[in-house]
Every structure is written in structure tokens, then in C-alpha cells.
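Please look at the sequence and the model together before reading on. The paragraphs below move from the overall fold to individual helices and side-chain pairs.

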Amino acid sequence: MTLLRDVIEIPTSVGDGDFVVRAAEGADLRRYVVTDQLRDNFAEALRRIGHAVTTGRSRANATLTATLGEVVDPVERFDGNSIRLREDVTPATWRALTADAATRLCLPEVNDKALDGLKFGAALPKRSAAATLAARLADLDGAAVVLDEPVRFVVL
């Protein structure tokens, strides 16, 4: 998965010598030079963000759901923003399960309806079609990035 910070440089802090434009405060952006590379990078970033928003799904979350099935709520479906965990998952359980999860990521499960919609699916053996579709639905790199992020448990 390519993150926005992989497409454009996003500083994590601002120093005294940094040039900052705050568009929300009424900066006149027409006065600044936009290079072809900057324009292309922003276009690619916006395309990726638009795709994530319009599809409403996350390949990384599909991969994580398949990998962490023991702690995922079997009733709730994941979406592009979250995966609902079972109510009995504790921080200790989570740490134990995710300690090596990045080394054993699983491809998402593919249902028959998805296989039926696969272009040229009838020309492939069912097992090959399922493997092809599962690979397309997965985001192993994105799932690994998420597993490396800090975790905070909140009880509502």
C-alpha cells in the first residue's frame, strides 16, 4: 500500500527556517510556483484518497481481518476505517496475537459471489480464480504498516 507520505513529503514538525503556507488562513496560492512534479504528486495523492473514499473499503483491513480472525467480531463487517474486535479481547491477547502477525499475513477470504463476478472466472479453475481474487483484495504491505502502529485500547 502506498501511503500519502510515500507520494509527497509531509514534515512531522515545522522549524523556524521552514516556509509554511496556511491555505485555511486565506493564503493566496496563485502567487506560488507549482512544479510539474508537485502537481503530479498531489494529483496521485488525491486519486488515491478519492479511491479509498469512494470504494469505502480497505484492502489492508481485509488482510488484517483474515490474519487476526481469532479476535475479529464475527458479526460486524470491517470497513475502510476500522475492524471491530470481539468484546473479550484484552491488551495482552492483542499483543500476543499481533507480535508476529506481520510475518504470517493471510489473504482475504473470497466468497462465491465475488468469484462469479470475476471476469474470465469461468475460464479458470475455481482454486486459481479464488487465489487470483484474494491476491487482488489483499494489501500485505498496508497491513504490516498498520500492525506496526501504536495501539490504544478504549472501552466505551
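What follows is an account of the helices, their packing and the salt bridges.

The model is a predicted one, in which local features need pLDDT of at least 70 and side-chain atom pairs count only at pLDDT 80 or more, whereas totals for chains, interfaces and linings use all residues. Residues are numbered from 1 along each chain as its sequence is written, and side-chain values use heavy atoms, with hydrogens and water left out.

The secondary structure comprises seven helices and zero strands, where helices (H or I, at least four residues) and strands (E, at least two) are DSSP runs numbered from the N terminus. Along the sequence the pattern therefore reads α-α-α-α-α-α-α. Of the 156 residues in the protein, 22% are buried; here buried means under 20% relative accessible area, exposed means over 50%, and partly exposed lies in between, as computed with a 1.4 Å probe on protein chains only. Among the contacts with a separation of 6 or more, 58% are accounted for by residues 24 or more positions apart, a contact being heavy atoms within 4.5 Å.

In general, an α-helix has 3.6 residues a turn, so residues three or four places apart point the same way.

Within α6, alanine 134 deserves a separate look. Alanine 134 counts as buried at 7% relative accessibility, and, not counting residues up to four places away in sequence, it touches Leu107, Pro108 and Val110. Alanine 134 and threonine 63 are 71 residues apart in sequence, yet their C-alpha atoms are 9.3 Å apart in space.

Helix α7 (residues 140-147) can be read in a similar way. Gly142, Ala143 and Leu147 are its buried residues, and they cover an arc of only 140° around the axis, which puts them on the same side of α7. What covers these buried residues includes α3 (59-67) and α4.

Two packed helices are described by the angle between their axes and the distance between the axes. For α3 and α7, the axes come within 8 Å and cross at roughly 75°, which makes α3 roughly perpendicular to α7. Axes are lines fitted to C-alpha atoms, for helices over the stretch in contact, and angles run from 0 to 180 degrees between N-to-C directions; angles under 35 degrees count as roughly parallel, over 145 as roughly antiparallel, 65 to 115 as roughly perpendicular and the rest as oblique. On the α3 side the contact is made by Ala60, Thr63 and Leu64, and on the α7 side by Leu140, Gly142, Ala143, Val146 and Leu147.

Helix α4 (residues 91-98) contains threonine 98, which is buried with a relative accessible area of 15%. Leaving aside its neighbours within four places in sequence, threonine 98 is in contact with Leu68 and Leu147.

The salt bridges remain to be described. A salt bridge is a side-chain nitrogen of Lys or Arg within 4 Å of a carboxyl oxygen of Asp or Glu, and by this rule the count comes to four. In one of them, aspartate 88 pairs with arginine 86, with the closest N and O atoms 2.8 Å apart; aspartate 88 is partly exposed at 49% relative accessible area, and arginine 86 is partly exposed at 30%. Arginine 104 and aspartate 100 also meet through their side chains, at 3.1 Å from N to O, and both are partly exposed, arginine 104 with a relative accessible area of 28% and aspartate 100 with 38%.

Lysine 126 forms a salt bridge with aspartate 112, the closest N and O atoms being 3.1 Å apart. This pair links distant parts of the chain, with lysine 126 in helix α6 and aspartate 112 in helix α5, 14 residues apart. Lysine 126 counts as exposed at 55% relative accessibility, whereas aspartate 112 counts as partly exposed at 46%.

Key. The arc is that of the directions from the helix axis to the C-beta atoms.
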